[in-house]
Amino acid sequence: MEKLKIAIQKAGRLFDKSIELLKDCGIRLPNGTGKLLAVAEDFPLDILFLRDDDIPEYVADGVADAGIVGENVVAEKGYNLEIIEHLGFARCRLSLAMPKNIDYFGTQYFNGKKIATSYPNILRKYLEDNNIKAEVHEIHGSVEIAPGIGLADGILDIVSSGSTLISNGLKEVEVVFNSEAVLVANKELKQSKISLLEKLAFRIRAVQKSRNNKYILLNAPDEKVPEIIKIIPGMKSPTVMPLAEKGWSSVHSVLNENRFWDVIDKLKASGAQGILVIPIEKMIL
Ligand code: PRT
Ligand code: ZN
């Protein structure tokens, strides 16, 4: 039987979330780590555990059919891969940073300067696009200490909270690239593999949707129901059921996480009571 081979990071920031996502997609892995390859139990899938930097190349070469990796790594390696889904975790940005006590007057500050980074390709492209002539100094690991030891005038590095920059006396001055984990695939898969990949992507979308949405139940006086329905329109239309107490109804709907508190405030103002919000496990539209 045809199988899909997917590469994920063997240890690091992407590992737990990658495993959790596969699990939420109904794919179980045998226990025990440290192996290069695992065979999934209830989906025709083999999982290869690799260093994240190697994933784009393995997928491009066809050693793996697909992979889960940061968009930053995909962009830096430059292979021609298909981005199938954005996965919403390992969000970060690649930013230019410089010593905090030096004035920054715009991108031309970096003209004639030396910039340290582990992302030379992304940096060179940015410099070219912005007409900056700077020296690119490629280093691996601890990029943030380069200005402090006189190795560079600035850096291009991954930022998430920004605390690493602050504790090294640096300030973030330009966001060059926004990144999150993505599912990538080889562009020349055979049809049988594409079908499996689509099946996996369908499950991933259902998991993602469910994470962004909540099931909401509330009680309201009948005369308030039309107003409340406008606030929580639901997937197709909300469910409205009479309560045992005359003149009252229960309204059920689905609520997007991004609008959560705003919607709750509006519902309360409209006379909703006994509001319950429940996580959704899967959402198939
Ligand atoms: O061993 P392997 O090569 O597989 O792993 P790795 O050490 O190269 O990568 P890893 O596990 O550190 O990160 C994997 C991916 O996670 C990256 O390629 C990014 O896509 C994503 N990611 C998300 C991050 C961060 N957030 C992050 N904060 N990767 C690194 N960092 C580091 C960053 O290098 C910096 O030193 O955290 C520091 C900044 O964090 P803040 O919060 O202080 O700003
Ligand atoms: Zn790496």
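Author: Helices and strands here are DSSP runs, numbered from the N terminus, a helix having at least four residues and a strand at least two. In those terms, serine 142 is found in the loop between strand 8 (135-138) and strand 9 (154-159). Please note that this is a predicted model.

Reader: What is the phi of serine 142?

Author: Phi of serine 142 is near 50°, which is a positive value in a residue other than glycine.

Reader: And is serine 142 buried, exposed or partly exposed?

Author: Serine 142 has a relative accessible area of 43%, so it counts as partly exposed; that class lies between the limits of 20% and 50%.

Reader: Which loop holds alanine 90?

Author: Alanine 90 lies in the loop between strand 5 (82-86) and strand 6 (92-99). Its phi is positive, about 55°, although alanine 90 is not a glycine. With a relative accessible area of 32%, alanine 90 is partly exposed.

Reader: Turning to helix 6, how far apart are its end C-alpha atoms?

Author: They are 31 Å apart. Helix 6 (residues 191-212) has 22 residues, and at 1.5 Å a residue these should span 32 Å, so the two values agree.

Reader: Which residues of helix 6 are buried?

Author: The buried residues are Lys193, Leu196, Leu197, Leu200, Ala201, Ile204, Ala206, Val207, Gln208 and Ser210. In an α-helix there are 3.6 residues a turn, so residues three or four places apart point the same way.

Reader: What covers the buried residues of helix 6?

Author: The cover includes strand 1 (4-9), helix 1 (15-24), strand 4 (66-70), strand 5, strand 11 (181-185) and strand 12 (213-221).

Reader: Now the surface. Which residues make the nonpolar patch of about 250 Å²?

Author: Leu36, Leu37 and Val39 make that patch. Valine 39 belongs to strand 2 (residues 37-39), and at 40% relative accessibility valine 39 is partly exposed.

Reader: Finally, how many disulfides does the structure hold?

Author: The structure holds zero disulfides. As for the cysteines, cysteine 25 is buried at 3% relative accessibility, and cysteine 92 is buried with a relative accessible area of 16%.

Methods
Residues are numbered from 1 along each chain as its sequence is written. Chains are lettered from A and ligands numbered from 1 in the order in which they are written. This is a predicted model: local features need pLDDT of at least 70, side-chain atom pairs count only at pLDDT 80 or more; totals for chains, interfaces and linings use all residues. Side-chain values use heavy atoms; hydrogens and water are left out. Buried means under 20% relative accessible area, exposed over 50%, partly exposed in between (1.4 Å probe, protein chains only). The expected span of a helix is 1.5 Å times one less than its number of residues. Contact means heavy atoms within 4.5 Å. Patches are made of residues with over 30% relative accessible area and no salt bridge: like charges are joined within 9 Å, nonpolar side chains (Val, Leu, Ile, Met, Phe, Trp, Tyr) within 5 Å. Accessible areas come from the Shrake-Rupley method with a 1.4 Å probe; for residues, only the protein chains shown count as cover. A salt bridge is a side-chain nitrogen of Lys or Arg within 4 Å of a carboxyl oxygen of Asp or Glu. A disulfide is a pair of cysteine sulfur atoms within 2.5 Å.
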